[in-house]
Amino acid sequence: MAQKTADRPGGGKNGLSGTGAALHGLMERLYPICRSITGDGVRQTLEILQEHIPVEIREVPSGTRVFDWTVPDEWNVRGAYIRDSAGRKVVDFADSNLHVVNYSIPVHRKMQLAELKKHLHTLPDHPHWIPYRTAYYNRTWGFCLPHALYERLADDTYEVCIDSDLKPGHLSYGELYLPGETEQEVLVSTHLCHPSLANDNLSGLALATFLARHVRSAGRRYSYRFLFVPATIGAITWLSLNRDRTDRISHGLVVACAGDPGGFTYKKSRRGTAEIDRIVSHVLRHQPTPHRIIDFFPYGYDERQYCSCGFDLPVGCFMRSPHGEYVQYHTSADDLDFVRPWCLEESFAVLVSVLEVVEQNRILLNRYPHCEPQLGKRNLYPREREQHLAILWVLNLADGRHSLLDIAERSNLPFHHIADAAGKLLAGGLLAEQDDLAVS
Amino acid sequence: MAQKTADRPGGGKNGLSGTGAALHGLMERLYPICRSITGDGVRQTLEILQEHIPVEIREVPSGTRVFDWTVPDEWNVRGAYIRDSAGRKVVDFADSNLHVVNYSIPVHRKMQLAELKKHLHTLPDHPHWIPYRTAYYNRTWGFCLPHALYERLADDTYEVCIDSDLKPGHLSYGELYLPGETEQEVLVSTHLCHPSLANDNLSGLALATFLARHVRSAGRRYSYRFLFVPATIGAITWLSLNRDRTDRISHGLVVACAGDPGGFTYKKSRRGTAEIDRIVSHVLRHQPTPHRIIDFFPYGYDERQYCSCGFDLPVGCFMRSPHGEYVQYHTSADDLDFVRPWCLEESFAVLVSVLEVVEQNRILLNRYPHCEPQLGKRNLYPREREQHLAILWVLNLADGRHSLLDIAERSNLPFHHIADAAGKLLAGGLLAEQDDLAVS
Amino acid sequence: MAQKTADRPGGGKNGLSGTGAALHGLMERLYPICRSITGDGVRQTLEILQEHIPVEIREVPSGTRVFDWTVPDEWNVRGAYIRDSAGRKVVDFADSNLHVVNYSIPVHRKMQLAELKKHLHTLPDHPHWIPYRTAYYNRTWGFCLPHALYERLADDTYEVCIDSDLKPGHLSYGELYLPGETEQEVLVSTHLCHPSLANDNLSGLALATFLARHVRSAGRRYSYRFLFVPATIGAITWLSLNRDRTDRISHGLVVACAGDPGGFTYKKSRRGTAEIDRIVSHVLRHQPTPHRIIDFFPYGYDERQYCSCGFDLPVGCFMRSPHGEYVQYHTSADDLDFVRPWCLEESFAVLVSVLEVVEQNRILLNRYPHCEPQLGKRNLYPREREQHLAILWVLNLADGRHSLLDIAERSNLPFHHIADAAGKLLAGGLLAEQDDLAVS
């Protein structure tokens, strides 16, 4: 199922508000840092985010049991290289942190090419790209390099050095809680464990950061929780530490791979009909960029954990091109050129629209349910046909069993038209608020 | 969504029973009368219908509160014209009652063309047609005229006269109640407030009148209520006066725009799965003229009121070409030539079929539910394959949970085949009647 | 709706295990016997089946009331012919048992061609084929012959002889009950009343016999009941005698017309969503031969009785080309050449797969429902992507509300992948068995 590519509106940089450039700018700062599921790179990353939002850095000791898992030893790497007998560094961590297999144990010795090759990873189909490889739970080491370079390696004796630590320490993650009128929460989660890879997932980090800043700047009904966690083990750790509080999560989104020029992809929660699923689908249907809605499957990002059967939280995954569907995925070609400011800006705009619907969706009650009320005498009779229809739809369905989103879906009108109409009718005394926040 | 046009069977007038001509004849008598939402035109119209059916004329005083509305003052118009300085009547109500904006307040004075033009309405795209305009709840006046004539108006001083009344009186509507075996009712409602417009809605008036005559002539299980009401305010008035009795309405149809050569359109009730929705859909599916079934939306005719959320009655709307989908809509081109006797006859036949299913649909019980009964020994084994299938389907599904309509739908056989088979099985002692009328 | 024909894999006899040849061999032995709804042919047939499986022969006396029916007199025929005045037998039962109308009363007399013709049945469109006709509940007689022969009959005096009995005796049927861990049963029913017709239904007899042998040879959770009954009256008789035990039937299949080269056809039970309906649909979807799933209709084979509304059992019908959709149906052309060993073998394989799913489908529980368990530390992390996905799907959906079939359907993976994954997870301690057999 090939996904259509989004067209850049206007073809150039015209029409951008600056948000795209700012998002890209944040990614540029984060790009050089060598991140992993633990270690100083994670902390440096979170400290940069703290320049934008007051995210708290949590530290969980190695060895902590988190459900079926154990928080691993902390990994840090200071440098690494492969040097030939002539003293030339043919591979150097200083050039790209992808060169070292993530979580490599320390090594420093000489070896022949034949032995070295057992520790080398390349992409023969893309001979100039460096692959991204990890070895979190195996005590091993390795280097990743372009296949073209690999093929030029002479039959020589090489000095191999990985100056890394793997020892008890902490798993670090970032958490920002923004209380709202109610304790019911919106969860936004994104993974921060990848080194110099731009779309997966600096795009998610930048978007979640800007989204948090946006949420902070406005009044809000819901409380919001932003999580910046190492993939899998980070989400598992957070869920383990917050197990009894997950029933507060009313809506959730994992954000990943959201800066490339592919169309939007929304992967529904395991429930499939959660309000967040319906909201994202609605917003995507009413915007111009190509999109697709896919069913949940137990593979991908941290929705795997949030949607494990013991939690089954209403958490979907917002992406542009999903993991594995773009050729640059998990290679050095997923770089700062692959993500585009206009794509980041477009993704941001959709996410903001989604949260607007989350905030505004509720059940309102028609105070004049028997026959239509007389709009004319209240100056509520709009000239514009679509506005008129929106008003009639709200009146017709505001029976206590339909939320504004239900009304938008049944009328096939954009949510904001329905919300506008509801606002006018509320102001005009024709609708009443329900006390209860809950919309089914 | 363009609707296919129905083909005239045979291409000429052949094959018509005379009902189409009679329906058209009634429309011809009603056509010249100037109707509005109140006034003598409504009464004259109802008096002509009384020649066919014993419809009662109800009078509700101006000022009566009906839900959020108030019955307006009564409007009558005796004549109107625009006369130029040479004494020629350039526009004359006597030529067409569409010339006067419906509910115009009285006026008699001279004015320059520039001022007059503020009160003139035309259709530039159809320069020879007169538009239909109303001003029920604004105290204003105006004239409607062909755009070609408007363009020829000289810069002159004009005498403008509308000899109308707008003063306390009554809102009149027609009601015919035909009691049946049960108090549960079938409602047929049609609006009678339009002046010389044929499809919208003299076609509805004629069809409802003939349908009432047809119902009177036959035995019936249900009681029937036929309403001839001014649109919106009339339906609201009736609902207000009969608020506590609306739960008797088991099935309802609004009939409008049903004489043009477009295919059939059935707009479902708000519920969408009401028995009447399934019945009309079934009947239309098993007849040859193109048709479409559309979902409810809160715009259109008086289904808006019957399906307001406080009532939510099972009332759909039966049409050929819906309002706004034919270019003649609300213009002088919606005339007696636009509606065709064969179309009226076809619409009548469908409505009669619908009421047949309404009357005959019920749950019957198989008295031999274990294995098939032996049809041969009872001479119930039909030669014709479709009849045989109908008998087997009825026996298989007559388990107390399926109505005859359910059986017709699941078997994909026309209802009358299923009803015939049920009749034979009932006569043969293989089926039993349920006491209860209700079919889910 | 034309059904695609299955392609013979490989084009020849290659790849067959021998089961197809064995199935065809059993059909060859049964083919010459003259069967009817009663009589010695039924007993001889069951005695041959007893060489393969310990099926019991039940005898029900003529005159026994079975629901709305009565077990008829027993019919046997020893010979029959039409002899011309020259003493030549122009039609002889010894050549084909289709020549005699099944259940013909005895006759022996001379008559002119004109009178004889009233008792002759032919197929003018297929002049070389003999039709198959029955007269179970009419006391009459007749002959069936090729139309080409019929047209050559001279205007002569013919001696007509049918040496048959129709007198009180028994209705015979075969029943094999194979007890399993639970009393809940799987019913396999096939009709055995047709004389020399191969696809309808010696194919069903052979397949059910081999399936019974297969079931006997293996452990089983369910009990199994195989019925070999005369069509209609046999199923009605069994249901009448076992009326109070039918609630034990959890799954059932009627097998008929399953040896021709058409694609598979599965006719769902009256319920339409029974587990057996879902299982057969699933198995057919994941095998390469063209197939179609059709809704229940109250015509066909003994599913008519099992699915009559008083029983409404979860019994579907497994076929290749259904009755009436192949031109050889109920003629002498439905012979041993029309059914193919490879088609029989393919049908057998599908039926075996269906029973495997029936046996294996159940609800298992994830013992680690909160977040994914760590597969790596248990050596459960498969290299192969589809196996990995199967494991993740099972873990994600093993919440007590999804059976393995539900998981296979939602994941769109073949059942056996899901069952394999479940087996590994069970062995690895990540899943637990539910005590209860029932899967919703």
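Colleague: Which way do the residues of strand β14 (residues 264-267) of chain B point, and are they buried or exposed?

Modeller: Strands are DSSP runs of E with at least two residues, numbered from the N terminus. A residue is buried if 20 or more other C-beta atoms, placed from the backbone, lie within 10 Å of its own, and exposed if 12 or fewer do. In this predicted model, F264(B) and Y266(B) point one way, T265(B) and K267(B) point the other way, and all are buried. Local features here need pLDDT of at least 70, side-chain atom pairs need 80 or more, and totals for chains, interfaces and linings use all residues. Residues are numbered from 1 along each chain as its sequence is written, with chains lettered from A and ligands numbered from 1 in the order in which they are written.

Colleague: In which sense does β14(B) pair with β15 (residues 291-294) of chain B?

Modeller: Two strands pair if DSSP finds at least two bridges between them. β14(B) and β15(B) have 4 bridges and pair in the parallel sense, with F264(B) opposite H291(B). With β16 (residues 315-319) of chain B, β14(B) pairs in the antiparallel sense over 3 bridges, and there K267(B) stands opposite C317(B).

Colleague: How are chain A and chain C related?

Modeller: Two copies of a chain are related by a rotation about an axis and a shift along it. Superposed by least squares on the C-alpha atoms of residues with pLDDT of at least 70 in both, chain A can be laid on chain C with an RMSD of 0.1 Å by a turn of 120° and a shift of 0.1 Å along the axis. The two copies are thus related as by a three-fold rotation axis.
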